Each structure stands twice: as structure tokens, then as C-alpha cells.
Amino acid sequence: MERRPFDTLNDSIDKEVTIQLKEGQEIKGELKAFDAHMNLIVDKDKETLLVRGDNILFITFNKE
Amino acid sequence: MERRPFDTLNDSIDKEVTIQLKEGQEIKGELKAFDAHMNLIVDKDKETLLVRGDNILFITFNKE
Amino acid sequence: MERRPFDTLNDSIDKEVTIQLKEGQEIKGELKAFDAHMNLIVDKDKETLLVRGDNILFITFNKE
Amino acid sequence: MERRPFDTLNDSIDKEVTIQLKEGQEIKGELKAFDAHMNLIVDKDKETLLVRGDNILFITFNKE
Amino acid sequence: MERRPFDTLNDSIDKEVTIQLKEGQEIKGELKAFDAHMNLIVDKDKETLLVRGDNILFITFNKE
Amino acid sequence: MERRPFDTLNDSIDKEVTIQLKEGQEIKGELKAFDAHMNLIVDKDKETLLVRGDNILFITFNKE
Amino acid sequence: MERRPFDTLNDSIDKEVTIQLKEGQEIKGELKAFDAHMNLIVDKDKETLLVRGDNILFITFNKE
């Protein structure tokens with residue numbers, strides 16, 4: 001089966017990602033969950049964030 | 001079953017959340033209800049707010 | 001059954017609400033009707049308004 | 001059956017309405033037709049307008 | 001059957017219309033075709049235009 | 001059967017078109033393919049472009 | 001069967017593409033995956049990007 005973009009999201013669960021928002025803001029943290037709208041749960045040191053998917057410009061994953 | 005972002009919303013019912021709006025405004029209060037569009041009912045001291053989901057940039061939850 | 005944001009709208013029929021629009025404008029009046037798009041009928045002293053739902057930032061309800 | 005916002009539109013056919021557009025423009029005329037997207041046909045003295053619904057901020061109806 | 005806004009579009013095939021775009025631009029020409037998204041084919045002297053419906057603010061029809 | 005706007009797109013395959021984007025940019029080239037979202041493949045001298053349909057303001061076709 | 005824009009995306013898997021974003025930013029890299037929303041996985045030297053499709057203005061492919 002062909003590989004799709006959400007497979008990459010799935011492979012990145014529990015890993016560090018950088019989320020670039022359309023408004024220019026950047027969020028770094030550990031990806032904990034996502035859904036079909038690209039809503040993301042990101043874990044940071046002292047808080048957990050639910051990022052609404054329609055704000056996302058791109059997500060950067062570190063190559064391993 | 002895999003954990004999804006809305007599970008985190010569900011776990012936060014009756015807890016304090018901080019909602020960052022796309023327009024820059026920040027709303028703090030107790031989360032009372034949500035729906036599939038991320039519309040939220042937030043309880044503040046003297047009033048109750050229905051925040052329309054499409055305005056939300058991200059929601060911050062305190063780690064316990 | 002779990003409580004949803006539109007239940008709060010429904011409980012506010014015939015009551016005073018304050019609607020904060022995305023453009024910054026604020027509309028106060030008596031809520032008379034709503035639909036699934038959050039389109040609202042609001043009664044003011046001398047006129048009735050149909051507010052298109054996609055303009056809404058949040059709605060404030062007074063606590064009783 | 002509960003009253004919905006589009007019932008108010010329906011009651012206003014052949015009556016004067018004021019349409020406030022998101023861009024700030026205001027259109028006054030006689031409402032002749034509408035559809036589920038809130039597209040409106042408005043009759044003015046010398047021309048007929050089809051206003052695309054997604055531009056509408058709110059519509060004002062005179063109380064009778 | 002009730003009259004709907006697209007009936008007015010249909011009656012205007014092969015007639016002159018003025019299309020006001022959200023960006024401020026105005027397009028005049030003969031309406032040749034339309035679809036459910038309000039995409040329009042407009043005939044001008046030397047060229048034919050396909051106007052994407054989501055850019056439209058309103059369309060003006062001359063009264064006859 | 002009534003003629004629709006996408007019939008004009010279909011008749012323009014392998015012909016020169018001018019695409020006016022909402023952002024103001026203009027793209028000229030030979031139309032090679034399109035889909036229901038108005039995504040277009042346009043052939044230029046040294047490169048091929050996939051233009052995402054939601055950026056399009058209007059498309060100009062030369063009359064023959 | 002008629003050729004569609006996504007066939008061109010499919011032919012470009014493992015090839016260099018240039019993605020022009022609506023915000024003005026340009027992303028170059030090797031296309032690794034895409035989906036029906038035009039979400040793209042792009043491989044760069046040191047990182048992998050998931051570009052959310054609704055940010056895309058156009059994609060440029062080199063002619064071979």
C-alpha cells in the first residue's frame with residue numbers, strides 16, 4: 001500500500017516535532033496524538049497543548 | 001484503541017484550560033463542554049462563554 | 001447524555017446574550033433562535049437581527 | 001416545531017431588509033429569494049442583486 | 001415551487017451582468033454558464049472568463 | 001444538456017490560458033489537466049505547474 | 001482515462017519539486033508522499049516536512 005503523509009505523523013508519536021503555524025509562531029514538543037483534521041496533542045515540559053490543525057503551515061521531523 | 005486529541009479535551013472537563021485565539025486574545029476558565037467542531041463552553045467567574053471552535057489556535061492544559 | 005455547547009444556546013432562548021464578532025463588533029440582545037451553523041436571531045429594541053454564524057468569536061451568557 | 005433563523009428570512013420575503021456585509025458595505029432592498037447558503041436576491045429601484053451568502057455579517061429586519 | 005437565487009442566474013443566461021468581486025474588481029459581460037459553486041462563464045468582447053464563485057461579492061442584473 | 005463552466009475548461013485542454021490568482025500573480029501556459037477542485041496542470045516552457053484551485057480568481061480564454 | 005492533476009503529483013514521487021506557499025515561502029525537496037488534501041511529505045537534507053495542503057499556491061515540476 002502506498003505511503004501517505006499521515007503515516008509519517010503516526011511514526012512520529014512520542015518523538016520531537018516542530019510545528020510551524022501560519023501566524024508565524026513555532027511550537028516544539030513531543031507528539032502524543034493526532035486526528036484526521038491534523039489536530040495535534042503536543043507535550044511540552046510544563047504543559048500539554050492541543051493545536052487546532054487548520055493553523056498548521058508545516059511540521060518538521062528530524063531524520064533519524 | 002489509539003488516543004486522539006479529543007480524548008484530552010474530554011479528560012479536561014471541569015478543569016482549568018487556557019484558550020489561545022487566532023486573533024491573539026486569551027481566554028482562561030473551566031471547560032464545561034465541547035463538540036466535534038471544537039466549540040467550547042468555558043466557565044468564568046461571572047459569565048459563561050461559548051467559544052466558536054474555528055477561532056482557536058491552541059488550548060493549553062496544565063500537567064498534573 | 002453528555003452536555004454539549006448547543007445545549008447552552010438552547011437554554012438561553014429568550015434571554016439576554018452578548019455576541020462578540022470576529023471583526024470586533026459586539027451585539028447585545030435577546031436570543032430568539034439558532035441553527036446548527038450557529039446562525040442566530042437576536043431581538044433588539046427596534047429591530048431583529050439574523051447574525052451569520054461564521055462571524056462569531058464567542059457568545060457570553062450571564063450566570064444566574 | 002422550534003423556530004429557526006431561516007424562518008425569519010422566509011417571513012421577510014417581499015419586505016425591506018438591510019444586509020451588512022463583512023467588508024463594511026450595506027445593501028438595502030426588498031428580499032425576493034434566499035437559499036440554504038444564505039445567498040439572497042434583493043430588489044432595488046433600478047437593479048436586482050444576487051448577494052453571495054458567505055459575505056454576510058448580519059441582516060436587519062424592521063420590527064412590525 | 002418557491003423561487004430561489006439560482007433561478008435568477010438561470011434567467012440571466014445570454015444577458016449582461018455585472019460581477020462585483022470581494023477584492024474590489026468589477027467584471028461586466030454576458031453570462032453564458034454557471035454551476036452550483038457560482039462559478040461563472042462570462043463573455044467579453046475579446047475573451048471568455050471563468051470566474052471562480054468563491055470570489056464573488058454580488059452580481060447585479062438590470063431590471064427589464 | 002445545459003452547458004456548465006467546466007465544459008469551457010475541458011474545451012481548453014492543450015490551449016493557452018491566463019490564470020489570475022487571488023494574490024495578484026498571473027500565470028500563462030498551456031492547460032493540460034484539471035479536476036473538480038479547479039486544480040490545474042499548466043505547461044510552461046521549462047516547467048510544469050500544479051496550481052491549487054482555491055487560489056484562482058478567474059481564468060481567461062482567448063476567443064477563437 | 002483522462003489525465004488529472006494528481007497524476008502529475010504521483011509521477012513526481014521521489015523527484016525534486018518546488019512548493020510555493022500562499023504566504024510567500026518556497027520549499028524545495030524530494031516529494032515522498034501526498035494525499036487527497038494535497039498534504040505533502042517533502043524530504044530535505046536534514047529533515048522531513050509535512051506541508052499542509054491548504055497553504056499551497058502552486059507546485060513546480062522540472063520538465064524531463
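Let's begin with charge. One salt bridge is found across the interface of chain A and chain G. The partners are A:Lys22 and G:Asp54, with the closest N and O atoms 3.0 Å apart. Keep in mind that this is a predicted model.

Now the elements on the chain A side. β5(A) gives the largest share, six residues. By class, that side of chain A has nine nonpolar, four polar and six charged residues.

How many residue pairs are in polar contact between chain A and chain G? The count is nine, with both residues at pLDDT 80 or more.

Next, extent. The contact involves 19 residues of chain A and 23 residues of chain G. An interface's size is often quoted as the accessible area lost when the parts come together. For chain A and chain G, about 1800 Å² is buried between them. Of that, 57% lies on carbon and sulfur atoms. Which residues of chain A lose the most area to chain G? They are A:Pro5, A:Leu57 and A:Lys63, together 34% of what that side buries.

β5(A) pairs with strand β4 of chain G, residues 47–51. The sense is antiparallel, over five bridges. Take one position: A:Ile59 has G:Leu50 as its bridge partner in β4(G).

How do the two copies relate? A rotation of 51° superposes chain A on chain G, with 0.0 Å of shift along the axis. The RMSD is 0.0 Å. Why do the copies meet through different surfaces? Because only 5% of the interface residues of chain A are also interface residues in chain G.

On the chain D side, look at D:Thr48, D:Leu50 and D:Arg52. They supply 36% of the area that chain D buries against chain E, more than any other three residues.

Charge again. The rule finds one salt bridge across the interface of chain D and chain E. It joins the side chains of E:Lys22 and D:Asp54, at 3.0 Å, N to O. Polar contacts between chain D and chain E come to nine residue pairs, both residues at pLDDT 80 or more.

Which elements of chain D each supply at least two residues to the side that touches chain E?

β4(D) pairs with strand β5 of chain E, residues 56–62. That pairing is antiparallel and runs over five bridges. Within β5(E), E:Thr60 is the bridge partner of D:Leu49.

Last, the relation of these copies. Chain D is laid on chain E by a turn of 51° and a shift of 0.0 Å along the axis, with an RMSD of 0.0 Å. Only 4% of the interface residues of chain D are also interface residues in chain E, so these copies meet through different surfaces.

To close, two pairings to find on the screen. One is β5(A) with β4 of chain G, antiparallel. The other is β4(D) with β5 of chain E, also antiparallel.

Notes:
Residues numbered from 1 in each chain as written. Chains lettered and ligands numbered in written order. Predicted model: local features only at pLDDT ≥ 70, side-chain atom pairs only at ≥ 80, totals over all residues. Heavy atoms only, no water. Contact = heavy atoms within 4.5 Å. Buried area = accessible area lost by both parts, 1.4 Å probe. Salt bridge = Lys/Arg side-chain N within 4 Å of Asp/Glu carboxyl O. Polar contact = N/O pair within 3.5 Å; in protein donor to acceptor, adjacent residues only side chain to side chain. Helix = DSSP H or I, 4+ residues; strand = E, 2+ residues; numbered from the N terminus. Nonpolar A, V, L, I, M, F, W, Y, C, P; charged D, E, K, R; others polar. Pairing = 2+ DSSP bridges. Least-squares fit on C-alpha atoms with pLDDT ≥ 70 in both.
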